[in-house]
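This note is meant for a colleague who is opening the structure below for the first time. The points that follow may be read alongside it.

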Amino acid sequence: MTAYEKAIKLGRRLLSLRRMIPLAVIGVSVAAVLLYRPFLLIHNSFVLTAICSALAAAALALRAAAGDGWDGKATGVYSVMRFPGISAGLMMIFSVTLYTGALWFALVAAMTAFPLAHCMVFAREHSLEARHGEAFRHWCRTTGALTPHLINWKPGEGKPGVIMMIIKQMPAATMMAAGFCAINFFNNLAVDFSPSVDAGWLAVLAATAVLTVCSRLLKWI
């Protein structure tokens, strides 16, 4: 088995476990806060919180724009990049790990995540090429895999269902809010010896949890 074939096999395995990856990232981030607090390079401040929150929001928006995947039409976000869902996952990982305040930890996480993300890209490309052939290869020549080629932007056909996009991303938003709350709790415990969560994060968690429940009820109705 060649290295490329091994990468595809690993990528398929990661894709099958992709729903568990956020939980693993949150757990490792909490451990980093507790074990390596003395080596932090960034103070946990309003600015850091704002940057991480913005990254997380952008990741959720990109994930929503990705929808259910490429349908063979190079329009919307798929006119500039092939795997926005994987890119969104990388942004989520970086936002959570950066919030620990340990720049080195965020960089190590990024250096680990990028090669694994490319294994997922190889697996998806192998599947799409087998299914779409020349159409997929032409699409590859005009788009980036994980980074956008903005010059090739083409608007999508029709307006996206904003409400449906929000509904689909609510569980992910709640999970990310819970992750930030967990890191904030242990951060406060390690630094100020105060086992508490900042009111802002509690409000975000409560809001996303309520919206998740409401979105599920609407879906059932």
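1. A residue is called buried at under 20% relative accessible area, exposed at over 50% and partly exposed in between, with a 1.4 Å probe and protein chains only. By these limits Arg 141, with a relative accessible area of 57%, is exposed. The model is predicted: local features need pLDDT of at least 70 and side-chain atom pairs count only at pLDDT 80 or more, while totals for chains, interfaces and linings use all residues. Residues are numbered from 1 along each chain as its sequence is written, and side-chain values use heavy atoms, leaving out hydrogens and water.

2. Overall composition. The protein chain has 8 helices and 0 strands, where helices (H or I, at least four residues) and strands (E, at least two) are DSSP runs numbered from the N terminus. Along the sequence the pattern reads α-α-α-α-α-α-α-α. Of the 221 residues in the protein chain, 38% are buried. The accessible surface of the chain is about 12600 Å², and carbon and sulfur atoms account for 71% of that surface; the areas come from the Shrake-Rupley method with a 1.4 Å probe, and for residues only the protein chains shown count as cover. Taking contact to mean heavy atoms within 4.5 Å, 79% of the contacts between residues at least 6 apart in sequence join residues at least 24 apart.

3. The nonpolar core. In soluble globular proteins, nonpolar side chains tend to be buried together. A nonpolar core is here a set of buried Ala, Val, Leu, Ile, Met, Phe, Trp, Tyr and Cys residues joined through side-chain atoms within 4.5 Å. The largest such core holds 46 residues, and Phe 83, Ile 86, Val 96, Leu 146, Met 176 and Phe 180 have the most contacts inside it. At least two residues of this core come from each of helix 1 (3–16), helix 2 (21–35), helix 3, helix 4, helix 5, helix 6 (134–142) and helix 7 (162–192). Leaving aside residues up to four places away in sequence, Leu 146 touches Met 81, Phe 83, Ile 86, Ser 87, Leu 90, Ala 117, His 118 and Val 121.

4. Helix 3. Just after helix 3, Gly 67 takes a positive phi of about 60°.

5. Helix 4. From first to last C-alpha, the 15 residues of helix 4 reach 21 Å, close to the 21 Å expected. This helix is mostly covered, with 11 of its 15 residues buried; among them are Pro 84, Ile 86, Ser 87 and Val 96. Not counting residues up to four places away in sequence, Ser 95 touches Cys 52, Leu 55, Ala 56, Met 176 and Phe 180.

6. Salt bridges. With a salt bridge defined as a side-chain nitrogen of Lys or Arg within 4 Å of a carboxyl oxygen of Asp or Glu, the count comes to 4. One of these joins Glu 125 and Arg 82, whose closest N and O atoms are 2.9 Å apart. Glu 125 lies in helix 5 and Arg 82 in the loop between helix 3 and helix 4, so the pair ties together parts that are 43 residues apart in sequence. Both residues of the pair, Glu 125 and Arg 82, are buried.

7. A salt-bridge network. Glu 129, Glu 134, Arg 137 and Arg 141 are linked in a network of salt bridges. Within it, Glu 129 meets Arg 137 at 3.0 Å, N to O, and the closest N and O atoms of Glu 134 and Arg 141 are 3.1 Å apart. Glu 129 is partly exposed at 35% relative accessible area, as is Arg 137 at 34%. Glu 134 is also partly exposed, at 44%.

8. Helix 7. Asn 187 lies in helix 7 and counts as buried because its relative accessibility is 4%. Asn 187 and Gly 101 are 86 residues apart in sequence, yet 8.9 Å apart in space, C-alpha to C-alpha.

Methods. Expected span 1.5 Å × (residues − 1).
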